[in-house]
Amino acid sequence: MTSHSTLAIWGILAAIGTGTFLIRFSFLAVLARVDAIPPLVTRILRLIPAAVLAAIAMPALTHAAGTFDLATDRFVAGTAAALVAWRTRNVVATIAVGMGVLWAIDALGWFGG
Amino acid sequence: MSTGAPTPTRAAFADGARAIAPIVIGVFPFGLIAGVAAVEAGLTTVQALAASPMIFAGASQLAAMDLIGRDSPLLVIVLTAWVINARFAMYSAALAPPFASLRLRHRAVAAYLLTDQAFAMSTIRFARTDEPAPARFAFYLGSALVLALTWHTATIIGVVVGTGVPAEWSLDFAVPLVFIALLFPAITDRATRVAAIAAAIAAASLRGLPLNLGLLTAALIGIVAGLVARGRQ
């Protein structure tokens, strides 16, 4: 649970929302063309989703209890989910397998879970 | 009930709605989880409900909720969300030529509704058919509105049930699972693969970084690694 104030959270939501709209509106507003973006910027923008998504997902698997530990239910379940995501590219199947493996490991009591 | 053949614009709108239908099935659990995550992070019910119409960008919403829940500094939370959404600049630039003849008001609506999925559907359609701008806009709106409707319905349900989910269900684990599910389609070539691997290793190593700057730093390292990999090809 956060200890940020209600007002601070409104500020966060407004700042993210305004910034995100301006990013979305940018070229549509001024009607600049794709070739107006320098090639290096295009290359950076193309890399952002892969880099950011990997950076968000990884610690949730490797630091399940706060410190680095690969012998956890979450690392094993996340690895299984990653295999499914890689093979099927199916969001529903990925979530289902990840949660299913996690619950199975916990029910079996592996890792002292 | 109207009679006669549908106008091309109306038909294009229906085409857009139909085209995106199979994709929104995957958006539903994602939205559900975003709603639950907002409540779990400690947002009020009104804020959790407002987050989706205010931001309308799932990955950044989930990341922001995670950082809010961990009491990261405001600037780090906002910057992280902006970086995640920087990709929309690329989509905006790609949609500018086909939408150039539309009024500014309509282009603003298109911008507000811009998502990975609606963009993907539209670029496929625009490459195949040579329609006038109003029909293209109608197709885009059909796709974008179906996606928005699904997303908002899912997040509302998530917020409502969010408080009632027992902790033993470990539903918070669905958040990284969503990111894993989105990650693999984002890996399209060697550069994006190198970026993802480098960012993942960096994120696992930099978890202890102060101010929860680990995510931003790891993403930056991934991007640089991707640029270097591309440069050496």
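Guide: The domain assignment of chain B gives domain 1 (8-171) and domain 2 (187-233); such bounds come from an automatic or database domain assignment. This is a predicted model, in which local features need pLDDT of at least 70, side-chain atom pairs count only at pLDDT 80 or more, and totals for chains, interfaces and linings use all residues. Residues are numbered from 1 along each chain as its sequence is written, while chains are lettered from A and ligands numbered from 1 in the order in which they are written.

Visitor: How many Å separate the centres of domain 1 of chain B and domain 2 of chain B?

Guide: Taken over C-alpha atoms, the two centres are 25 Å apart. Contact is judged by residue pairs: two residues are in contact if their C-beta atoms, placed from the backbone, lie within 7 Å. Eight residues from domain 1 of chain B and six residues from domain 2 of chain B take part in the contact. On the domain 1 side, the largest share, four residues, comes from α4(B). That side of domain 1 of chain B divides into five nonpolar, two polar and one charged. In this classification Ala, Val, Leu, Ile, Met, Phe, Trp, Tyr, Cys and Pro count as nonpolar, Asp, Glu, Lys and Arg as charged, and the others, Gly among them, as polar.

Visitor: Which elements does chain B have?

Guide: Elements are DSSP runs numbered from the N terminus, with helices being H or I of at least four residues and strands being E of at least two. Chain B has eleven helices and zero strands. The radius of gyration of chain B is 19 Å, close to the 17 Å that the globule rule gives for 233 residues, so chain B is as compact as a globular protein of that length. The radius is taken over C-alpha atoms, and the rule is 2.2 Å times the number of residues to the power 0.38. Along its principal axes, the C-alpha trace of chain B spans about 65 × 50 × 30 Å.

Visitor: How is a pair of packed helices read?

Guide: Two packed helices are described by the angle between their axes and the distance between the axes. Axes are lines fitted to C-alpha atoms, for helices over the stretch in contact, and angles run from 0 to 180 degrees between N-to-C directions. Take helix α3 (residues 58-69) of chain B and helix α4 (residues 74-85) of chain B: they pack at an angle of about 160 degrees, with their axes 9 Å apart. The two helices α3(B) and α4(B) are therefore roughly antiparallel to each other. Angles under 35 degrees count as roughly parallel, over 145 as roughly antiparallel, 65 to 115 as roughly perpendicular and the rest as oblique.

Visitor: Which residues in α3(B) and α4(B) meet?

Guide: From α3(B), B:Ala59, B:Ser60, B:Ala63, B:Ala64, B:Leu67 and B:Ile68 meet B:Val76, B:Ile77, B:Thr80, B:Ala81, B:Ile84 and B:Asn85 in α4(B). By class, the residues of this contact are nine nonpolar, three polar and no charged.

Visitor: Is the crossing of α1(B) and α8(B) left-handed or right-handed?

Guide: A crossing is left-handed if the near helix is turned anticlockwise from the far one by less than a right angle, and right-handed if clockwise. The α1(B) and α8(B) crossing is right-handed. The axes of α1(B) and helix α8 (residues 133-162) of chain B come within 5 Å and cross at roughly 25 degrees. That makes α1(B) roughly parallel to α8(B). Their contact has 30 nonpolar, ten polar and two charged residues.

Visitor: Where does α1(B) meet α7(B)?

Guide: B:Gly16, B:Ala19, B:Ile20, B:Ile23 and B:Val27 in α1(B) meet B:Gln117, B:Ala118 and B:Met121 in α7(B). This contact has six nonpolar, two polar and no charged residues. The crossing of α1(B) past α7(B) is right-handed.

Visitor: What is the secondary structure of chain A?

Guide: Chain A comes to four helices and zero strands. A compact globule of 113 residues would have a radius of gyration near 13 Å, but chain A has 20 Å. Chain A is divided into domain 1 (1-36) and domain 2 (47-112), whose C-alpha centres lie 30 Å apart.

Visitor: How many residues does the contact take from chain B and from chain A?

Guide: It takes 82 residues from chain B and 66 residues from chain A. Helix α9 (residues 174-186) of chain B gives the largest share of the chain B side, twelve residues. The chain B side divides into 64 nonpolar, 13 polar and five charged.
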